[in-house]
Amino acid sequence: MSITISNISKSYKNVKALQDISFEVKENELFGLIGPDGAGKTTLFRILTTLLIANEGTATVAGFDVISDYKMIRNSVGYMPGKFSLYQDLTVEENLNFFATIFGTTIEENYDLIKDIYVQIEPFKDRRAGKLSGGMKQKLALCCALIHKPKVLFLDEPTTGVDPVSRKEFWDMLKRLQQKGITILVSTPYMDEAALCDRIALIQAGKILEIDTPKAIVKHYSKPIYNVRANNMYQLINSLNDYEYNHSVYPFGEFVHYTDKRADFNQKELKMYLETKNLTDIEIEKTIATIEDTFMELAK
Amino acid sequence: MNHNKVIQVEGLTKMFGDFTAVNAITFDIEKGEIFGFLGANGAGKTTAMKMLIGISNPTSGKANVAGFNVFTNAEDIKKNIGYMSQKFALYDDLTVKENITFFGGIYGLSIKRIKEKSEILIQELGLEKVANTLVGSLPLGWKQKLSFSVSLIHDPKIVFLDEPTGGVDPITRRQFWEMIYKAANQGTTVFVTTHYMDEAEYCDRVSIMVNGKIEALDTPKKLKEKFKAANMNDVFLKLARG
Amino acid sequence: MKRFIGFIKKEFYHIFRDRRSLFILFGMPIAQILLFGFAITNEINNVDIAILDHSKDATTKEIINKISASKYFSIKQIVTREADIASVFQKGHVKAVLNFEKDFSKNLIKEHKASVQIITDATDPNTANTISNYINAILLQYQKELNKDITITYQIVSETRMVYNPELKSVYMFVPGVMTIILMLVSAMMTSISITREKELGTMEILLVSPLKPFQVIVGKVFSYIFLSIINAVVIVMLSIFIFKMPVQGSLFLLALESILFIISALALGILISTISATQQTAMMISLMGLMLPVILLSGFIFPISSMPLPLQMISNIIPAKWFIIIIKGIMLKGVGLQFVWKETLILLGMTVLFIALSVKKYKIRLE
């Protein structure tokens, strides 16, 4: 096991940031921690990177205990904190050089590992880090976190505030790093990124809702889900919310995801009901649950 | 001027020195429409939006917002629009009520009107219990819903939302969108920028900016058909990668 | 060692790329010294005064001549009636009026005592005070000359003060104080700001999750600022020697050693401040309120400690700057050696060790 977490709890003053969290991350796994802001993702990352001490529970990273062996962990993990944490007034190259030096290595020594990523920012190596675009900053931060060839990589919301193109590139890079034998624990608030991980943990309000592979997690959703659309979204949502048999009503892009309380749900009945509400162009069709549906059902 | 068109933009351009941040963009937005304004980091979204809300002067082109010219009547525009951004929304060290009163005040609402409004608003959001609590101690989702309501306090014709739902949990995000639908249904035009491509699918129409130009503008459904993509994320990737 | 050099290199990039801190580092000392040297001064030059002479005899004439001969005063007006004094002040040019009593000479000879009233415009109390001191000094001087042949000796208090600063040059008094302030500012404030900036940026998190040991981070920060502070100290001393022609009586070597000691104690204070503040703003406020104000007000730089109320005198003892000012005044103005300032040096050394111990102990290896 690359990371083991058992019964970790952490509170700040009167806020319970983490409540009895336990899970394991296997060697060479790409593990996703999926949840909104304030769910406790950053706190967990800080405990695992030895920056915070949990109130209860134990954890190991790469075989080392997060409290007693914290120095060993600091030598063998790479960490990319939530907000951009590089020196804005240093150039790309100076930043990378600095982090290589403090980890007692050089850019050349581990160039293989970062090559794929670094070539993309190399044209801007003399630019100050503060003047890079969001996607570039994120790539530089990843290079800096990788420069000492860590065994385990911690990435705290690396794709927040980054556009879809850069996000896609970033996930491609993570996949390649995984092939090079690095264990990766990544957190994200974007549900659509969950599908890219080997396994995910859904986390909300300091509690783990579910842990499994992305494919298995959506199977846990037992109720049939229906895509509903009509000519007026707002009235559709209101009408569905007023419908006495509804179990859940969530807007989902151009549709509303609807589930019914009854086992013998009849689409025609719902359509007739919606027609009485003066809605037109009504479409109802069965659809499959997404990770987001699962998350909302569990968090309900 | 067509009264149903609350935003009319024609050839709007902004240059910074030699660099063209916004390159002759053209579009119209109708009353009550939810318009998604998408683009990669650095594509020119923020610059374009700043021109529309009257805080940045265009280099050339034409733009009418809420019936006012962005070149000559920027001050009138500000009175007729609401604005909410993820970065700055409310004062954390003021209570819910104080925030509402303050923002009502800067938009020139009468004391009586502010009182009415804040009662309605607090009741609608279910914030009765925390009305006198500091905003800083509220959960992020509540803050953002409150912030949206506050941006509508002066019944603006258009509300501009700059990445309003970043980091919010999925349920709260949906409640937020229900509020947006409600506002649009009551005739307020909603102009929203976002990085969440699934959120783009909630919009009536979306535009996608690439390198300062609007490369696509249509309903999400038609865009997906046109680009033969399963979702807006794929549409975006196809466009931005060229 | 390579790690350490890498760290220091980074620190210098920060310093030289931030115009604001560069300005504080090098602009401030120069500006302050020049400001204190030329503008804010206790010296007076060509102050306009008026005379109301009720006796008009030989003695008063001689005194008036003496006063007008000095470069400090010029006699602007002769007043004839007491009633006119108010209107003289109201015009604003005249800062003081000398009112000689009737039969000045006669009284002096008969009763060995004659009086002259010095009326000053106290809207600016500092200047008023200085003016009356100067006039008194001239009067005493004159008195001394008068009494030369007679065997009465006067205890002239102001004379002791003038021994080390015979021309009453205030810049000599200010240099040690300004140097103390600058070294304190650069060392404590800049270090605490630079450490808290890393906290704000989030880079501290990365530094903590790296093999760098806490003391390496501290020493790395400290080293760059020791270097800069020494340059500053040298600039200040050079400025005072070459621009204000201020003689440094004592050993420059001793001065340098004492300065380094003080710099280290200020740096340790800076680190201490950074451990209790989360943002650059807090660090700056604490440095300004907690360090600069006491240095300016309680160290004896501007207000003499001996004239403070007892509680304040006691507080002044825990301010390192007080001891440093005593030491460098001794070295620069009196030319004393270590045998005269060893006690103060020992106190300063003790404080420095304490601050370092505290800051190493308080420096956190984790985030909370």
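Into which domains is chain A divided? Chain A is divided into domain 1 (3-219) and domain 2 (225-299), with bounds that come from an automatic or database domain assignment. This is a predicted model, in which local features need pLDDT of at least 70 and side-chain atom pairs count only at pLDDT 80 or more, while totals for chains, interfaces and linings use all residues. Residues are numbered from 1 along each chain as its sequence is written, and chains are lettered from A and ligands numbered from 1 in the order in which they are written.

**Chain A overall**

- Chain A has ten helices and 14 strands; helices (H or I, at least four residues) and strands (E, at least two) are DSSP runs, numbered from the N terminus.
- The C-alpha trace of chain A spans about 70 × 45 × 35 Å along its principal axes.
- Of its 300 residues, 49% count as buried. A residue is buried if 20 or more other C-beta atoms lie within 10 Å of its own, exposed if 12 or fewer, and partly exposed in between, with C-beta atoms placed from the backbone.
- Among the contacts in chain A with a separation of 6 or more, 70% are accounted for by residues 24 or more positions apart. Two residues are in contact if their C-beta atoms, placed from the backbone, lie within 7 Å.

**Domains of chains A and C**

- The C-alpha centres of domain 1 of chain A and domain 2 of chain A lie 38 Å apart.
- Ten residues from domain 1 of chain A and eight residues from domain 2 of chain A take part in the contact.
- On the side of domain 1 of chain A that touches domain 2 of chain A, at least two residues each are supplied by β9 (199-204), β10 (207-212) and α7 (214-219) of chain A.
- α7(A) gives the most to that side, with three residues.
- The residues of this side of domain 1 of chain A divide into eight nonpolar, one polar and one charged. Ala, Val, Leu, Ile, Met, Phe, Trp, Tyr, Cys and Pro count as nonpolar, Asp, Glu, Lys and Arg as charged, and the others, Gly among them, as polar.
- For chain C, the domain assignment gives domain 1 (2-40 + 170-362) and domain 2 (47-162), and the C-alpha centres of these two domains lie 44 Å apart.

**Contacts between chains**

- Of the two pairs of chains in contact, chains A and B share the most contacts.
- 30 residues of chain B are in contact with 29 residues of chain A.
- The elements that give two or more residues to the side of chain B that touches chain A are α6 (170-185), α7 (197-200), α8 (220-226) and α9 of chain B.
- The largest share of that side, nine residues, comes from α6(B).
- By class, the side of chain B that touches chain A has 15 nonpolar, seven polar and eight charged residues.
- Between chains A and C, 23 residues of chain A are in contact with 22 residues of chain C.
- On the side of chain A that touches chain C, the elements that give two or more residues are α2 (70-76), β6 (77-80) and α3 (92-102) of chain A, and α3(A) gives the most, with four residues.
- That side of chain A divides into twelve nonpolar, six polar and five charged residues.
- No contact joins chain B and chain C, and their closest C-alpha atoms lie 17 Å apart.

- Helix α6 (residues 164-179) of chain A packs with helix α9 (residues 232-241) of chain B at an angle of about 95°, their axes 9 Å apart. Axes are lines fitted to C-alpha atoms, for helices over the stretch in contact, and angles run from 0 to 180 degrees between N-to-C directions.
- α6(A) and α9(B) are therefore roughly perpendicular to each other (angles under 35 degrees count as roughly parallel, over 145 as roughly antiparallel, 65 to 115 as roughly perpendicular and the rest as oblique).
- In this pair, A:P164, A:V165 and A:K168 of α6(A) meet B:N233, B:F236, B:L237, B:A240 and B:R241 of α9(B).
- The residues of the contact of α6(A) with α9(B) divide into five nonpolar, one polar and two charged.

**Local features of chain B**

- In helix α3 (residues 96-106) of chain B, the buried residues are B:V96, B:K97, B:N99, B:I100, B:F103 and B:G104.
- Seen down the axis of α3(B), its buried residues fall within an arc of 160°, so they line one face of the helix; the arc is that of the directions from the helix axis to the C-beta atoms.
- These buried residues of α3(B) pack against α4 (111-125) and α5 (140-151) of chain B.
- B:G108, which follows α3(B), has a positive phi, near 75°.
- B:K182 lies in helix α6 of chain B and is partly exposed, with 15 other C-beta atoms within 10 Å.
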